[in-house]
Amino acid sequence: MKTPYYLIHRGILEEGMEKLKAAIARYWPNAAVGYSFKTNALPWVLQYMKEQGCLAEVVSEDEYELAEHMGYDRIVYNGPVKGKDSFLRACGRGDVINLDAAREVDWLREAAAGRQGRPVKVGIRMNFDLEAACPGEASGGAEGGRFGFSYETGSFGRIVEELRALPGVEIAGVHLHCSSKTRSLKIYEAVAAAACRVRRECGLDLDYIDVGGGYFGGLADRPQYADYLRVMSSILREEYDPGRTMLIMEPGTSLISPPVEYVTSVVDVKDTNRNRFVVTDGSRIHVDPLMTKKSYFYRLEPSGGREAGGRLEKQVIAGFTCMENDRLFELKDAPALRAGDRIVYEKVGAYTMCLSPLFIGYYPAVYLEEEGKISCIREKWGVEEYVQKSVTEGKQV
């Protein structure tokens with residue numbers, strides 16, 4: 001197989017799914033898994049998740065339409081920029097809808113008016129001060145998170161009262177997803193505590209609590225699904241009956257990152273007066289599209305079964321693009337790499353395929369490894385895929 005390419009190991013994917021299901025069965029059997037489309041929306045992955053009984057968790061009209069196209073029976077519709085048409089369809093289908101913007105209340109009135117006595121059930125995303133509960137851990141830091149209705153300012157309480165007064169509408173759930181730097185158990189203790197606070201202070205008898213995603217996955221020395229569910233369930237049970245209230249989890253990274261590798265080859269080695277550069281046919285834009293990572297999981301595979309060359313103090317691994325910052329990492333005190341050697345990046349299934357740009361090269365192929373057999377589940381893009389639906393002369397609009 002010509003490099004670069006992604007390789008999904010189905011066995012590793014299934015191992016993660018089995019661990020998640022086992023943890024749910026032990027700590028909160030009345031639960032649903034909403035797979036996060038934004039993390040990796042490769043059609044094969046979406047089909048696999050649907051077959052595992054997952055709901056689709058989407059955050060845009062395009063993603064909602066993709067979930068419909070893939071045949072998902074039920075969709076969790078999140079995000080602050082939902083489309084009106086898809087919002088109204090979601091109301092009609094009975095999907096899980098978590099409000100995140102004031103304009104959605106107007107759409108809700110329209111949806112409720114056409115239901116003829118059948119209530120529209122919705123959830124509300126709550127914005128609470130995670131940084132105060134877990135200092136130094138929230139992604140927004142001192143600036144705070146930007147999603148949902150603020151608990152501290154009273155916005156959440158006001159939207160609760162507004163929906164209670166709206167004919168044909170019922171508050172069915174609360175959405176509490178929080179982005180963090182640490183993925184620690186403390187984050188989920190704070191999420192569970194916030195859910196309990198909602199019940200006590202707002203008197204909400206909820207059908208579901210959506211705790212979102214953001215879990216570790218595939219790392220033995222980090223919290224496991226069972227750890228997250230154990231700490232959340234111990235707090236939630238103080239206010240909620242698992243038989244009455246469903247727990248919704250929205251994993252993405254924890255499921256799809258571990259089973260995916262990105263395979264690259266060394267194409268050239270050059271020495272300057274400052275560095276030895278190892279040029280590969282892969283790129284940082286395929287494993288770190290936002291250019292923020294400081295390290296990677298990887299392994300080296302010498303070509304042709306030959307022994308590795310002599311060791312070098314430093315080698316700078318670079319990508320195929322013409323950007324100077326397309327440098328992936330520095331290889332320290334390691335065998336000298338040569339053309340034909342491979343560098344395989346591990347645990348790269350999350351936010352890579354979906355964020356990779358079409359910069360001087362098209363999307364690489366994706367293969368599936370299943371019990372030692374390899375199949376292609378996305379062919380490498382070429383010129384035909386790139387120019388599809390484009391024209392060289394504009395059309396009047």
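What is the volume of the second largest pocket? In this predicted model, the second largest pocket has a volume of about 280 Å³. Rolling a probe the size of a water molecule over the atoms shows where empty space is left, and the residues around that space can then be listed. For the second largest pocket, the lining consists of 18 residues, and those that lie nearest its centre are Gly144, Gly145, Arg146, Cys178 and Ser179. Sorted by class, the lining holds eight polar residues, six nonpolar residues and four charged residues.

Although Ala133 and Glu189 are 56 residues apart along the chain, their C-alpha atoms are separated by 9.4 Å.

The next topic is the aromatic side chains. A search of the whole structure finds 17 aromatic pairs. In one of these, the ring centres of Tyr262 and Tyr345 are 6.2 Å apart and the planes meet at 40°, so the pair is classed as tilted, given that planes under 30 degrees apart would count as stacked and those over 60 as edge-to-face. Because Tyr262 belongs to strand S11 (residues 260-271) and Tyr345 to strand S16 (residues 342-346), this pair ties together parts that are 83 residues apart in sequence. Tyr262 and Tyr345 are both buried.

Tyr345 also pairs with Phe329: here the ring centres are 6.2 Å apart and the planes lie at 80°, so this pair is edge-to-face. Phe329 lies in strand S15 (residues 327-335) and Tyr345 in strand S16, so the parts tied together by this pair are 16 residues apart in sequence. Phe329, like Tyr345, is buried. These residues belong to a cluster in which ring pairs link Tyr6, Tyr262, Tyr296, Tyr298, Phe329 and Tyr345.

Key: Residues numbered from 1 in each chain as written. Predicted model: local features only at pLDDT ≥ 70, side-chain atom pairs only at ≥ 80, totals over all residues. Heavy atoms only, no water. 1 Å grid on protein atoms, 1.4 Å probe; cavity = no way out; pocket = protein on both sides within 12 Å on 5 of 7 lines; lining within 4 Å. Points joined across faces, edges and corners; volume = space filled by probe spheres on them. Nonpolar A, V, L, I, M, F, W, Y, C, P; charged D, E, K, R; others polar. Phe/Tyr/Trp six-rings, centres within 6.5 Å; stacked < 30°, edge-to-face > 60°. Helix = DSSP H or I, 4+ residues; strand = E, 2+ residues; numbered from the N terminus. Buried < 20%, exposed > 50% of the residue type's maximum accessible area, 1.4 Å probe, protein only.
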